[in-house]
Amino acid sequence: MERIQNTPKVSVVIPVYNVEEYVGECLDCLEKQTFRDFEIIAVNDGSKDQSLRVLREYEEKMPNLRILDQPNSGAAQARRSGLNMARGEYVVFVDADDRMSPLYLGSLYYAAVEADADISCCNYRFDFENGMKMIYPCRVGGVLTHDDAMRKLIDDWCIQGFLWNKMFRRKLFLEHDILFPTMCFEDMIINNQLFFYANRVAAVKKALYYYRQRRTSALNTMNAQKINDFFRAMLMIRGMLEERGEYKKYERNFRTVCFKTRNCICYYIIQMHIREHSSGDMWKNLTRARHAMRVIVKPESMVIQKGMDTNIVQPPVYGQVVA
């Protein structure tokens, strides 16, 4: 089928890795979008299942679909590769196992254009494997100033640090040399950088993105490395604010998200030890985590935190129990 050659308004980047069961449904949702001026860049990140075959089948019937096949390098590199291929004025990042409303792209695009906003975002829905669906309860609407958007993002309540429910003006990446770090929770760092440079943010209250909750998703398979990336993300966010002389302005918001993150980390540590049938060193991991977060929010200069070892949480030993 002849490929579309015109420059699209929006580029949709999809990292694809071992999602043969879901990626077709994701592409079907994109095919049903009421907004039509977009391209899809699917980056097959070395899938070991039939994901690439599914993509090739859809390529035959979707002229706006472009496929990049690369060795497995992780989601961050896949997004980076897709962004390098993108041609649209705006770009969105979709997870291959998720779905979206037919109004998803159009609502985000027109909200951004009408407000001349560098970023637009929408609310989202959790879709659980047992069939239950739940709309995220904290939502915001309208046009937000730079400062208000930054505060809400750092607070991580009304606006959270996910990529997939947002549309970004692509020049934000290009003009400020923003790159995806190779780590878990890179969404949080990227969003804070992009929001920092955004003139304003347009928010849509409707839940237009459907976030599939799978037992094998990143948050449901937390290990020591992923948990430690939480600490790295917090340090990187504070470091970015410090370097730009903005930390004092957003200190209260940063302390709020660190409190929330600390509680999440403690939950993930307990979950990790239960999964490994190991109670040995669980309390040590919990104590180290709480202490590390206290250090991260200290009012002193980031000189202290820059030398901080972020290998805080240690992997549990399977079957090890407290005597």
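On a 1 Å grid over the protein atoms alone, a cavity is a set of points where a 1.4 Å probe fits but cannot get out, and its lining residues have an atom within 4 Å of a point. Grid points are joined across faces, edges and corners, and a volume is the space filled by probe spheres set on the points.

This is a predicted model, in which local features need pLDDT of at least 70, side-chain atom pairs count only at pLDDT 80 or more, and totals for chains, interfaces and linings use all residues. Residues are numbered from 1 along each chain as its sequence is written, and side-chain values use heavy atoms, with hydrogens and water left out.

**The cavities**

There are two cavities of 30 Å³ or more.

Proceed to the second largest cavity, with about 80 Å³ of space. Its lining includes Leu-153, Asp-156, Met-188, Met-234 and Phe-254. The helices α5 (146-155), α7 (186-197), α8 (224-243) and α9 (247-275) each give two or more residues to this lining.

**The core**

Finally, select Phe-93, Phe-173, Ile-227, Phe-231, Phe-254 and Ile-296, which have the most contacts inside the largest nonpolar core, of 64 residues. Such a core is a set of buried (under 20% relative accessible area, 1.4 Å probe, protein chains only) Ala, Val, Leu, Ile, Met, Phe, Trp, Tyr and Cys residues joined through side-chain atoms within 4.5 Å. Apart from this core lies another, of 45 residues, among them Val-12, Leu-108, Tyr-109 and Val-204.

How values were computed
Buried < 20%, exposed > 50% of the residue type's maximum accessible area, 1.4 Å probe, protein only. 1 Å grid on protein atoms, 1.4 Å probe; cavity = no way out; pocket = protein on both sides within 12 Å on 5 of 7 lines; lining within 4 Å. Helix = DSSP H or I, 4+ residues; strand = E, 2+ residues; numbered from the N terminus.
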